[in-house]
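Please consult the sequence and the model while reading.

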Amino acid sequence: MISKAMSYAKLSGLHPIYGLYTGFVPLFVYAIFGSSRQLAVGPVALVSLLVSNVLGGIVNPSSELYTELAILLALMVGILECLMGLLRLGWLIRFISHSVISGFTTASAIVIGLSQIKYFLGYNVTRSSKIIPLIESIIAGADEGKSNKRLRFLRASGPLTAVVLGTIFVKIFHPPAISVVGEIPQGLPKFSIPQGFEHLMSLVPTAALITGVAILESVGIAKALAAKNGYELDSNKELFGLGIANICGSFFSSYPATGSFSRSAVNHESGAKTGLSGIIMGIIIGSALLFMTPLFTDIPQCALAAIVISAVTGLVDYEEAIFLWSIDKKDFFLWAITFITTLVFGIEIGVLVGVAFSLAFVIHESANPHIAVLGRLPGTTVYRNTLQYPEAYTYNGIVVVRIDAPIYFANISYIKDRLREYELNLPSSNKGLDVGRVYFVILEMSPVTYIDSSAVQALKDLHQEYKARHIQIAIANPNQQVHLLLSRSGIIDLIGAGWCFVRVHDAVHVCLQHVQNSSSNALKLAVQASGELSDSVSTPKPEKQHRKYYGFFKNLWKARDYAHADGEVQPLLRQNLV
């Protein structure tokens, strides 16, 4: 924990002591206000890179203002987290898909690793969150690195050098080619009010981004650990706990802290069951600040860089990309576009592009919901998707449609278009009399959880269109809330209470009865008309016979109270639901 805290502080462009400060006060505060029993709070690689990338473009990292702005960021992040927790806005993060997170963290891990390679090469590398400037800087400095040949082997083996062995080596040999941490202040952090409020507005986007990343990392880890340990975790309380930890930490010289995956996993594997583990970790860091900082003076910079690279190696999630390619090409596209934009254009642009594409996919799926034509499974009264169950059969003149989404202003046009398609392009039916067209459209509404006012008006318009074309709408199995709204809006009265059913099978049964009765009446009319033709000198026009034949179907749309002859038909929706 101590070595990682110092390493992440260096990654953020701060003095290593601020990593220890960030791993001290927030731990105690989170143990009191946080809800996770295993989450380890402190500095992490991803947030450190964000701090370095943003503040490096505002002020020189060696200036005092740089440190002040990093501490101010902790205060701003804490306030945002507290507000989100109090207003219960944690659900907003759900719109960022796992594919975006994986692509973002993979690209960030590569950028972090390249940014630390300077401690092994022996020359400076441009500070950037974009891969192209980093690679250009590494290539451009190659000649400079070749000129200094002393102890190149030790620099190259930095990732394998333990902090203790590296420190001992530096203390004994004092090699000039290996840079060290330097003097670290001894003692606990003092209370101070964050400074640099004149730069507040320029830090707001970064604070929001860090808050989002912190929530994704911390809440995700905390929920996973809570599930493994058999207790419930309140996401909003977790946000509030993280916010309070950052706010308090900012008054004791810490930069933004969040939950660490690796340290939390160690807590879990060690059998931690309460927040006492965090308090013990805080006591250890406090003891190090009080008594051990002189020992940290000769820690090689390459050792800290090796720790960072070792930590971010696990973030390179190429296996996720392979898995997404084999499962869902859309999610793979999200992963790839986030990964590429993060590498090329930087972390902020990468996150924004990934979130934008995630929202675009969500909106597209919502505006184009799945709609299925249902058929009856042989030997049952169960109706299922005919594409999923090819053996399911439909009835001529009747289309049963299931809408698998809430109906609202964004998708009602798509739903109406699909219903018109079913009317024009008749599904392949194999049961019942061949009537040549659709006369009944049954809407199976059990998956519909919500209908808004725009959808209500669109359904009224659809009813009028259908009525003009002699098509009757029937509604099957709406839930209580949807049925209540349909009743209050007048749709139930408009289509007729007799056309609202509990089961799809009941609706199909009634529609079949109408078709059969009307067909038999049409047959009698045809026989009578043929007798009249034998006594008539002139032959009536075919159009008149056609109108007489379908005249009986027109009477169906005037009927509102149909008496069911079959005792198996379930009663209509109870009026007390309205």
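Helices here are DSSP runs of H or I with at least four residues, numbered from the N terminus. The model is a predicted one.

Q: Which residue with a positive phi follows α5?
A: Helix α5 covers residues 64–86, which is 23 residues. Its span from first to last C-alpha is 34 Å, close to the expected 33 Å. The residue with positive phi that follows α5, with a value near 55°, is R88.

Q: Are the ring planes of Y18 and Y21 stacked or edge-to-face?
A: The model has 14 aromatic pairs by the rule applied. In the pair of Y18 and Y21, the ring centres are 5.8 Å apart and the planes stand at 90°. Planes over 60 degrees apart count as edge-to-face. The pair is therefore edge-to-face.

Q: By about how much of helix α2 are Y18 and Y21 separated?
A: Helix α2 spans residues 16–22, and Y18 and Y21 are both buried, lying three residues apart in this helix. Their separation is therefore about one helical turn.

Q: Is W335 buried or exposed?
A: F332 and W335 form a stacked aromatic pair, with 6.4 Å between centres and 15° between planes. F332 is partly exposed at 23% relative accessibility. For W335 the value is 9%, and the cut-off for burial is under 20%. W335 therefore counts as buried.

Q: Which residue has its charged end over the ring of W325?
A: W325 belongs to one aromatic cluster with F332, W335 and F339. The charged end over the ring of W325 is 4.7 Å from the ring centre, and it belongs to K329.

Q: With which residue does R402 form a salt bridge?
A: The model has five salt bridges by the rule applied. R402 is buried, with a relative accessible area of 17%. The closest N and O atoms of the pair are 2.7 Å apart, and the partner is D404.

Q: How many residues apart are R420 and E465?
A: The side chains of R420 and E465 meet in a salt bridge at 3.1 Å, N to O. This pair links distant parts of the chain, with R420 in helix α20 and E465 in helix α21, and the two are 45 residues apart.

Q: Is D506 buried or exposed?
A: The side chains of R503 and D506 meet in a salt bridge at 2.9 Å, N to O. R503 is partly exposed, with a relative accessible area of 27%. D506 has 1% relative accessibility and therefore counts as buried.

Technical notes
Residues are numbered from 1 along each chain as its sequence is written. This is a predicted model: local features need pLDDT of at least 70, side-chain atom pairs count only at pLDDT 80 or more; totals for chains, interfaces and linings use all residues. Side-chain values use heavy atoms; hydrogens and water are left out. The expected span of a helix is 1.5 Å times one less than its number of residues. Rings of Phe, Tyr and Trp (its six-membered ring) pair if their centres lie within 6.5 Å; planes under 30 degrees apart count as stacked, over 60 as edge-to-face and the rest as tilted. Buried means under 20% relative accessible area, exposed over 50%, partly exposed in between (1.4 Å probe, protein chains only). A charge sits over a ring if NZ of Lys or CZ of Arg is within 6 Å of the ring centre and within 35 degrees of the ring normal. A salt bridge is a side-chain nitrogen of Lys or Arg within 4 Å of a carboxyl oxygen of Asp or Glu.
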